[in-house]
Every structure is written in C-alpha cells, then in structure tokens.
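Colleague: I am new to this one. Can we go through the terms and see what stands behind each?

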Amino acid sequence: MRYAHIVGWGKSAPERILTNEDISTFVDTSDTWIRERSGIGQRHLAGSRDSTASLAIAAALEALDVANISPSQVGLIIVATSTPDYAFPSTACQVQDALGADSAGAFDLSAACSGFVYGLSMASDAIKAGSIEYALVIGAEVMTRVLDWKDRGTCVLFGDGAGAVVLQSSDQPGGVLSTILRADGSGGDMLFIRNNYREQPANIAEYDGASAGALPKIEDGKNIAPGYMYMNGREVFRFGVRILAGATREIIAKSGWEVDQIDLLIPHQANIRILESASKSLALPMERFYHNIEHYGNTSAASIPMAICDAVASGRLRPNHKVVMVGFGGGLTWAAAALEWGTPRVLNRANRTMNRVRLGLANVRSRARRVLRRVEDRVFGAIDVSAEPLAAPSPNGRNGAVTEAEPEVRR
Ligand code: UT7
C-alpha cells in the first residue's frame with residue numbers, strides 16, 4: 001500500500017509590508033477595528049518585480065530543499081491560485097520551466113481559498129495510485145492586485161504570498177490519510193472575481209473594432225469592474241463559521257479520530273473570529289488552532305501552506321502529530337484533509353546548492369529552447385496555406401495576424 005507524506009515545505013512573501021496604520025491613511029479604518037474584527041495586524045504587498053509565478057517558484061525551491069530532492073524527480077506540479085499571471089500558460093507551467101522539472105505534468109487549480117487542500121487531495125491520490133513518486137503542491141496569490149482599495153470591507157483583509165509542499169510516495173503508514181472535497185455553486189455570488197471575457201465580443205460576426213469600447217457592461221448589480229474581487233463579508237463569515245466546524249467533524253469521522261485527538265488544526269486564515277467560533281463549537285481549545293493571520297492577512301490559496309511552514313518553524317507542528325487542514329472560500333468551495341505529520345528532513349546543504357545551480361541551468365535551457373523554436377520557425381515556418389487564415393479578433397482592435405513579436409512569458 002502506498003502513502004503520501006509531506007516531506008518538504010517552503011513559503012515566500014513579498015518584502016514590502018503594509019500595516020493597518022498604512023491602510024488607515026487612505027481608507028476610513030483603524031488598526032483597532034482591523035485587529036478586533038479580523039485579527040490582522042499587517043500583510044505583505046507584491047511589488048512590481050513580484051508575480052504569482054515568482055512567489056510560487058521561490059516557495060517551491062525552498063520546499064525542494066527541505067525534501068532534499070531535485071526538480072527532475074517531481075512528477076506533478078499543481079498550483080492553486082485565483083490570481084494567475086496568465087489564463088495560460090498556467091502558473092504551474094511557469095514553475096515547471098523555472099525549476100527545470102522536466103518529468104512533471106503541471107496545471108493550475110481554481111478553487112479559491114480551498115485550492116491548496118483540493119490540490120493536496122489530487123496529488124496524494126495520484127501518489128497513492130502509484131502514478132507518481134513526488135508532487136509539488138503550491139498555493140500562490142497576489143490578492144492585493146485584485147482589491148478595490150477604496151472598499152474598506154475587503155481591502156484590509158487580504159495579502160500576498162505563496163506556500164509549497166512536496167509530497168512523497170512511501171510504504172510507511174502516515175501522511176495524508178483522508179480528504180473531503182465539497183462545493184456549492186449556488187453561493188458563487190457571495191465572493192467572486194469576474195474576468196474580462198464576458199465583456200469581450202461573443203463571436204467574430206458581432207465584432208466591430210470601432211464599437212468595442214461601447215459594448216454594454218454585464219449587469220451583475222454590483223458594479224464590480226472585471227478583474228476585481230467582490231465579497232459579501234457577513235455572509236462569507238457565516239459560511240466560514242459553519243464550514244470550519246462542520247468539515248472538521250466530517251474529516252475526523254472519516255479518519256476514525258475523535259476531536260480531542262487533533263494535535264493541530266490548520267485552517268484557512270480568513271478571520272481569527274471564525275477560528276474562535278469553531279473552537280467553541282468543536283470544544284477544541286484555541287491552542288490547537290494554528291494562526292498566523294496577524295502577519296499575512298488572508299492570502300487565499302497560499303494561507304494553509306504558509307501556515308504549515310510557520311507551524312513547523314515555531315515547533316507547533318511536530319512528528320506524529322495528528323493534523324487537520326480545512327480550506328473554505330469562493331465557489332463556494334470547501335475541503336479538509338487529515339494527516340499524520342512525518343519525520344522532518346534534515347536540510348542538506350549540498351542539495352540546496354545543487355538546486356540553485358539547477359535553477360540557473362533551467363533558465364539557460366528555457367532560453368535555448370525559445371531561441372531554437374524561433375530558428376525552427378524561420379527555417380520551416382514558410383508553410384504554404386492556400387486558404388486565408390481566420391482573422392481572430394483582438395481586444396485592442398487589431399484584427400487578424402500578429403504583426404509584432406509576441407512578448408515572452410515573464411515570471
Ligand atoms: O477567504 C475567503 C473567506 N473570507 C472570509 O472569511 C471573510 C469573512 N468576513 C469577515 O471576515 C468579516 O465579515 C469582515 C471582517 C469582512 C467584516 O466584519 P464584520 O464584523 O462582519 O463587520 P460588518 O461587515 O458587519 O460591518 C460592521 C461595521 C459596518 O458599519 P455600520 O454599518 O455598523 O455603521 C461597516 O461599515 O463595520 C464597518 N466596517 C469597517 N469599519 C472600519 C467595515 N469594514 C470596516 C473597516 N474599518 N475596514
């Protein structure tokens with residue numbers, strides 16, 4: 001029988017910190033209100049050089065170091081994110097390329113704040129089925145890029161960062177023991193980021209470059225501009241309270257545990273009051289709940305893997321601990337996992353150095369492949385097509401063939 005153990009973990013947060021006081025200089029709020037109503041003291045803010053991919057890559061590299069493996073051993077990369085740099089290529093492909101993980105499949109997973117636990121479930125199932133030996137599961141977000149900084153109800157809550165774990169196949173019992181995945185799409189209007197596609201022309205026949213700017217806005221009653229987040233805080237709060245306690249009960253029943261056997265509950269870091277309410281409901285003391293929301297705010301899919309890293313570093317997460325993780329958020333979605341924490345790996349400095357060298361080589365190889373593709377294009381590109389290519393509409397009104405060099409995918 002195969003088991004899936006977490007053997008590596010890493011996190012990354014942008015350098016710049018935005019305190020509650022900083023926010024109170026441009027919206028009508030205060031440090032006292034934010035701390036009392038959410039438990040948040042500060043959050044990290046992505047700078048111009050940060051992206052979802054760059055944060056994910058840094059966290060993944062750290063996780064590979066702890067796991068003491070090379071990128072080429074990874075068979076699957078899943079990045080849970082609601083704020084990918086591109087619709088495609090996926091963030092996971094950007095991570096694969098940067099690391100030089102040449103044996104890995106890679107895809108992004110969209111399940112909002114539940115995404116990391118969804119990914120953990122997918123990857124551990126793939127390992128238990130014997131399909132792969134190692135998987136990288138990452139949660140990465142630049143939430144501050146989708147916030148309306150005039151909306152005090154949401155802008156004070158979110159932050160940026162990434163967390164990653166390496167899962168390893170083993171015949172030793174333990175690791176990810178059981179998971180549950182759930183969704184209720186009827187609550188989709190409580191929390192969402194609408195993208196631009198709905199406002200783009202429906203098809204080529206309707207497209208008229210000159211009138212593109214006058215296309216009617218999709219009415220959702222909330223006047224949220226595409227690309228920005230909307231949240232009904234009170235309703236999502238109630239949902240969080242109900243799910244955190246309910247999903248915990250369900251996952252421990254599935255694992256054959258009792259509530260008081262949980263050594264550490266690592267929930268999605270949405271609001272400290274949601275944790276306090278679940279603590280009462282489950283009769284599980286707050287000391288068994290891990291929280292670092294005071295330092296990072298709500299980092300959506302990144303919050304649980306970042307909390308894992310901090311829990312290990314502070315000695316709160318130790319070998320043989322029975323651990324429950326619960327994610328909940330947009331979709332609506334929720335997910336829980338029960339696991340027995342394995343033996344921590346000792347950091348191998350030689351492998352760490354080698355992984356940095358491999359990173360450099362991956363970069364060179366990626367560039368070489370791009371150049372090679374361009375050369376191939378020049379040599380073999382003059383394919384004779386008798387029919388005119390179908391002219392695709394583009395958002396800036398250019399109709400048809402690409403005339404300029406397309407920009408390189410940037411991390
Ligand atoms: O990751 C996805 C999951 N997300 C969550 O779980 C978030 C869930 N929701 C929450 O955490 C909370 O609902 C909030 C922190 C967003 C809001 O806390 P609340 O206790 O539910 O406040 P409220 O929305 O009921 O608002 C209470 C008052 C209102 O004023 P009035 O109408 O009573 O005069 C708000 O306008 O607080 C006001 N308010 C603020 N005041 C100062 C709302 N936001 C702020 C603010 N600063 N930032």
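Predicted model: local features only at pLDDT ≥ 70, side-chain atom pairs only at ≥ 80, totals over all residues.

Colleague: How do you know that the length of helix 3 agrees with its number of residues?

Modeller: Helix 3 covers residues 52–67, 16 residues. The expected span is 1.5 Å times one less than that number. That gives 22 Å, and the end C-alpha atoms are 22 Å apart, so the two agree.

Colleague: Why are strand 1 and strand 5 said to stand at the edges?

Modeller: The open sheet has five strands in the order 1-7-6-4-5, with mixed pairing. Strand 1 (3–12) and strand 5 (105–109) each have a single partner strand, so one side of each lacks a neighbour in the sheet.

Colleague: What makes strand 6 and strand 7 a pair?

Modeller: Pairing needs at least two bridges. Strand 6 (residues 134–142) and strand 7 (residues 160–170) have nine, in the antiparallel sense. G139 stands opposite G163 in strand 7.

Colleague: Which residues of the ligand shell are closest?

Modeller: The shell holds 21 residues, the closest being T29, G233, F237, A270 and N271. Helix 7 gives the largest share, five residues. By class, nine are nonpolar, nine polar and three charged.

Notes. Residues numbered from 1 in each chain as written. Near = placed C-beta within 6 Å. Helix = DSSP H or I, 4+ residues; strand = E, 2+ residues; numbered from the N terminus. Nonpolar A, V, L, I, M, F, W, Y, C, P; charged D, E, K, R; others polar.
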